[in-house]
Amino acid sequence: MGVVMNGVTGRMGYRQHLVRSVLAINEQGGVTLSDGGRVVLKPVLVGRNADKLGNIAAKHGISDFSTDLDAVLSDDANLIYFDSQVTSARVKAVLKAIDAGKHVYAEKPTAETTQEALALAEAAAAKGVKNGVVQDKLFLPGLLKLKRLIDGGFFGRILSVRGEFGYWVFEGDWQEAQRPSWNYRAEDGGGIVLDMFPHWHYVMENLFGRVRSVYARAVTHIPSRVDEQGATYQATADDAAYGIFELEGGVIAQINSSWAVRVNRDELVEFQVDGTEGSAVAGLRNCRVQHRSVTPKPVWNPDLPATARFRDGWQEVPDNGEFDNGFKVQWEAFVRHVVEDAPFPNDFASGARGVQLAELGMRSSAEGRRIEVPAL
């Protein structure tokens with residue numbers, strides 16, 4: 001099956017989607033179908049820089065690459081179009097792919113505005129093509145363990161969720177930045193709200209309930225940075241966001257996202273879930289729990305040093321299975337969705353709800369108020 005891959009010269013498109021997903025799938029013999037058959041993927045690389053595409057193709061033994069998107073979309077052998085370009089370029093290319101009758105799989109956010117994201121979902125439905133959006137966090141071992149706890153009734157009634165995500169992204173002067181400069185330019189689709197709120201939306205929606213309201217504060221802590229060519233530029237996009245979300249059932253979620261924070265956590269993202277019967281802290285891979293029956297009884301006394309080692313009172317949740325790369329697992333699911341109509345709930349409509357939360361989060365920050373999230 002031909003898979004057009006647009007954006008593989010970027011960090012995520014190359015590492016997670018080409019190397020660790022599509023090529024890894026082929027190395028294992030393809031995507032296994034329900035009848036035991038297998039589908040091998042033929043990546044067709046497309047982008048603006050022929051030299052970069054050629055280097056990647058040569059490195060991995062890929063025969064097809066092009067700078068002509070229209071030409072590769074006209075090839076009937078290419079059934080899937082995948083997009084991991086910068087956000088500002090996504091809508092135009094995805095609409096082209098839909099018009100060409102390709103099934104479309106795209107990175108999040110699917111668009112910069114809710115209106116554009118809904119237009120993609122409507123266009124795909126009208127054309128009758130399968131569509132999906134990357135929602136990789138749902139397939140992380142830590143969150144899979146957390147989902148197992150929820151399904152097993154471990155928490156009782158869930159009260160609250162507290163999320164911490166982020167790390168220090170170097171400004172690019174005395175140390176090279178580990179994220180591309182467009183991330184910090186609003187005019188190029190940058191900003192941590194647009195990048196991360198769609199993630200938090202599908203995590204909350206799938207694990208804890210529909211988001212009913214948002215109160216957020218988006219800020220630019222680092223006003224200027226240095227780009228890949230060594231030139232100083234003004235950061236026009238937010239690099240940190242602090243959000244409070246009200247969910248169905250009365251659950252309150254607080255999630256901090258920042259590219260201007262130094263990590264004092266076990267993992268780069270952690271979620272603490274507190275319920276009447278127990279609590280859990282889940283990260284990318286690990287998950288720890290404390291049940292009601294073994295919860296200690298701290299007493300607040302600032303005049304005495306704390307003697308309890310609070311972390312020692314938590315227990316690791318076992319793997320109870322093998323966890324594959326989350327991006328690869330979702331790629332396999334989308335291919336099965338295309339070939340044999342297997343379920344794939346992470347569609348463009350769910351992606352539009354994520355964009356909506358980001359848009360309302362920015363509006364909340366600008367207006368300084370809580371905003372209800374209407375159902376789409």
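Here follows a short exchange about a predicted model.

Biologist: What ground rules apply to the model?
Modeller: It is predicted: local features need pLDDT of at least 70, side-chain atom pairs count only at pLDDT 80 or more, and totals for chains, interfaces and linings use all residues. Residues are numbered from 1 along each chain as its sequence is written, and side-chain values use heavy atoms, with hydrogens and water left out.

Biologist: How many residues of strand 6 are buried?
Modeller: Strands are DSSP runs of E, at least two residues long, and helices are runs of H or I, at least four long, numbered from the N terminus. Buried means under 20% relative accessible area, exposed over 50%, partly exposed in between (1.4 Å probe, protein chains only). Strand 6 spans residues 78-83 and is mostly covered. The buried count is five of its six residues.

Biologist: Which residue in strand 7 stands opposite Ile80?
Modeller: Strands pair if DSSP finds at least two bridges between them. Strand 6 and strand 7 (residues 103-106) pair in the parallel sense over four bridges. Opposite Ile80 stands His103.

Biologist: Which residue in strand 6 stands opposite Gly2?
Modeller: Strand 1 (residues 2-6) runs parallel to strand 6, joined by five bridges. Gly2 faces Asn78.

Biologist: Are Asp83 and Arg90 buried or exposed?
Modeller: Their side chains form a salt bridge at 3.0 Å, N to O. The rule asks for a side-chain nitrogen of Lys or Arg within 4 Å of a carboxyl oxygen of Asp or Glu. Both Asp83 and Arg90 are buried.

Biologist: Why does Arg309 count as exposed?
Modeller: Arg309 meets Asp312 in a salt bridge, 3.0 Å from N to O. Asp312 counts as exposed because its relative accessibility is 55%. Arg309 counts as exposed because its value is 66%.

Biologist: What separates Lys328 and Glu332 along helix 8?
Modeller: The two side chains meet in a salt bridge (3.5 Å, N to O). Lys328 and Glu332 are both buried. They lie four residues apart in helix 8 (residues 326-340), so the separation is about one helical turn.

Biologist: How far apart in space are Pro302 and Ala24?
Modeller: Pro302 sits in the loop between strand 17 (287-291) and strand 18 (315-316). Pro302 is exposed, at 58% relative accessible area. In sequence, Pro302 and Ala24 are 278 residues apart. C-alpha to C-alpha, the distance between Pro302 and Ala24 is 54 Å.
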